[in-house]
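Dear colleague,

Please find the structure below, handed over for your own work. My notes on what was found in it follow directly after.

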Amino acid sequence: MKQLLIRADDLGISYAVDLGIARSVNEGLVRSVGLITNMPEAARGLSLLAGSDVAVGQHTNVCLGVPVSDPARIPSLLQEDGTFKSSRTYRACHKTGEDFVVFDEAVTEIEAQLERFRELVGHDPDYFEAHAVLSDNLMRAITYVAEKNGLKEQPCSFDPTVVVRCGSTDTRMVLRSMQPGYDPKAAIVETVEAMADGETVVFVCHPGYLDDYILTHSSLTGDRAKEVDALIDPALRTWLEGRANLRLVDYRDL
């Protein structure tokens, strides 16, 4: 039996994105959602999912907005204006072999975001991972906090051929957005058809609508709206549910 987990990242990043994620859950195929707890729209985004049977994870963010912890305790993560260093900065430093993130400071902010998650959601995350940035120290800190708190970590892999352990299940992560000519519906179908029997694949999506905040703060724009349309498409649901050897799962199943 194949297992497909369709995940939506970035709940809380903006109101328009939250609306798109809510449609993808309430009318569509998404059953796992990553919450960014440091953003102003996190609480309202959660309210849009009230009553939905969805796994909610911590999508730890250290590259957008302001921190949850005391800025004086995490200087390596911040710009002079007190906001997080951008993903662009992480990528540029990674190319030169520099990791400016101080491990202990990353732990401080990750734990602060975990406490905010518990306040907002009322329980521990159903899964635990990081908004993708290139920092070994950050990823070590994610693992440290997950193990310390007994959380189900989803290790990040940028290589769709690499298998990583999540809970009691080996998983392979697929992220196709931002690729030229990206067609979300076709990408999901192709992913399922290429899966081996017994394999679990996490298909990572970023569904959402667009507002000024996203247009000025994110490099991922049009593909978000395309993913909403695909994830609420009844024909795609019918195709997936018609696969006798396919099970749709969420992180609580792993």
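I begin with T169, which touches Q3, V164, T200 and L254 when residues up to four places away in sequence are not counted. This residue belongs to strand β6, which spans residues 169-174. With a relative accessibility of 13%, T169 counts as buried, because the cut-off for that class is under 20%. Please bear in mind throughout that this is a predicted model.

Nonpolar cores

The largest nonpolar core has 37 residues, and those touching the most other members are L4, I6, V33, F203 and L240. Several elements each supply at least two residues of this core: the strands β1 (2-11), β2 (32-35) and β7 (200-205), together with the helices α1 (15-26), α2 (42-47), α6 (184-194) and α9 (234-241). In soluble globular proteins, nonpolar side chains tend to be buried together.

What does F203 contact, leaving aside its neighbours within four places in sequence? The list comprises L4, L5, I6, R7, V174, R176, Y182, A187, I188 and T191. Two of these contacts, L4 and I6, are named beside F203 among the core residues that touch the most other members.

There is also a second, separate core of 24 residues, which includes L77, A106, A130 and I142.

Aromatic pairs

The structure holds three aromatic pairs, and I describe two of them here. In the pair of F103 and Y144, the ring centres are 5.8 Å apart and the planes stand at 70°. The pair is therefore edge-to-face, since that class requires an angle over 60 degrees. F103 lies in helix α4 (residues 103-121) and Y144 in helix α5 (residues 136-149), so the pair ties together parts that are 41 residues apart in sequence. Y144 is partly exposed, at a relative accessible area of 38%.

Y127 and Y251, by contrast, form a stacked pair, with 3.8 Å from centre to centre and 20° between the planes. Y127 sits in the loop between α4 and β4 (128-130), while Y251 is found in the segment after β8 (246-249). The two are 124 residues apart, and their pair links distant parts of the chain. Both Y127 and Y251 are buried.

Charges over rings

Two placements of a charged residue over an aromatic ring may be of use to you. K85 lies over the face of F100, at 4.3 Å from the ring centre. R243 is placed over the face of W239, likewise at 4.3 Å from the ring centre.

With kind regards

Technical notes: Residues numbered from 1 in each chain as written. Predicted model: local features only at pLDDT ≥ 70, side-chain atom pairs only at ≥ 80, totals over all residues. Heavy atoms only, no water. Phe/Tyr/Trp six-rings, centres within 6.5 Å; stacked < 30°, edge-to-face > 60°. Helix = DSSP H or I, 4+ residues; strand = E, 2+ residues; numbered from the N terminus. Buried < 20%, exposed > 50% of the residue type's maximum accessible area, 1.4 Å probe, protein only. Lys NZ or Arg CZ within 6 Å of the ring centre and 35° of its normal. Core = buried A, V, L, I, M, F, W, Y, C linked by side-chain atoms within 4.5 Å. Contact = heavy atoms within 4.5 Å.
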